[in-house]
Amino acid sequence: MDSGPTLTSREQTQTSSSRLSLLQSYNLGCSMLASGDAPGAFEVFSSLASRGHPLSCHNLGLMYASGVPDLGVSPSEPMAIRYLSLAASRSFPESQYALARLLRASGDSRAAADLYKLAADQGHAGAAYELGVIHASSDDGGG
């Protein structure tokens, strides 16, 4: 039975190197952010997000949510929603939770409840709590 095309040894090495490079770049961005180099982290996460890296999309979304004064980047809810949505669509519960918080704060409790449910179904305790609060208050999120 044919299992389809296989990667050559060189292609496997390039794929592994690419993954390692993404991981190394992401870790570099996290280190930069932890050490106070928000502009450097923003550049790293932006580069990785443009390549679809979900954790970088998440971090970039959080940075847009709060702004990056050292770069002159003001808080931008639309940009935060854009990047958090990209990560949330990859079933990343932290992004689903963060996006739900933004949406609920802007008055979209129904969409927030849907995202809280997705995150809670993956074991996110904070999302489960917030979902319970929405249901208890019948804040457009209750069913």
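Author: The chain exposes about 8,200 Å², of which carbon and sulfur atoms supply 53%, the areas coming from the Shrake-Rupley method with a 1.4 Å probe, where for residues only the protein chains shown count as cover. This is a predicted model, in which local features need pLDDT of at least 70 and side-chain atom pairs count only at pLDDT 80 or more, while totals for chains, interfaces and linings use all residues. Residues are numbered from 1 along each chain as its sequence is written, and side-chain values use heavy atoms, with hydrogens and water left out.

The chain has seven helices and zero strands, helices being DSSP runs of H or I with at least four residues and strands runs of E with at least two, numbered from the N terminus.

The part to look at closely is the pair formed by helix α5 (residues 93-105) and helix α6 (residues 109-121), whose axes come within 8 Å and cross at roughly 160°. That makes α5 roughly antiparallel to α6, a label for angles over 145 degrees, whereas under 35 counts as roughly parallel, 65 to 115 as roughly perpendicular and the rest as oblique. The axes are lines fitted to C-alpha atoms, for helices over the stretch in contact, and angles run from 0 to 180 degrees between N-to-C directions. The crossing of α5 and α6 is left-handed, a term for a near helix turned anticlockwise from the far one by less than a right angle.

Contact here means heavy atoms within 4.5 Å. On the α5 side the residues that meet α6 include P93, Y97, L99, R101 and R104, and on the α6 side those that meet α5 include S109, A112, L115, Y116 and A119.

S91 has a positive phi of about 65° although it is not a glycine, and because its relative accessibility is 44%, S91 counts as partly exposed.

Elsewhere, in helix α3 (residues 54-66), lies S56, which is buried with a relative accessible area of 0%. Leaving aside neighbours within four places in sequence, S56 is in contact with Y26, F45, L48 and A49.

Definitions and conventions:
Buried < 20%, exposed > 50% of the residue type's maximum accessible area, 1.4 Å probe, protein only.
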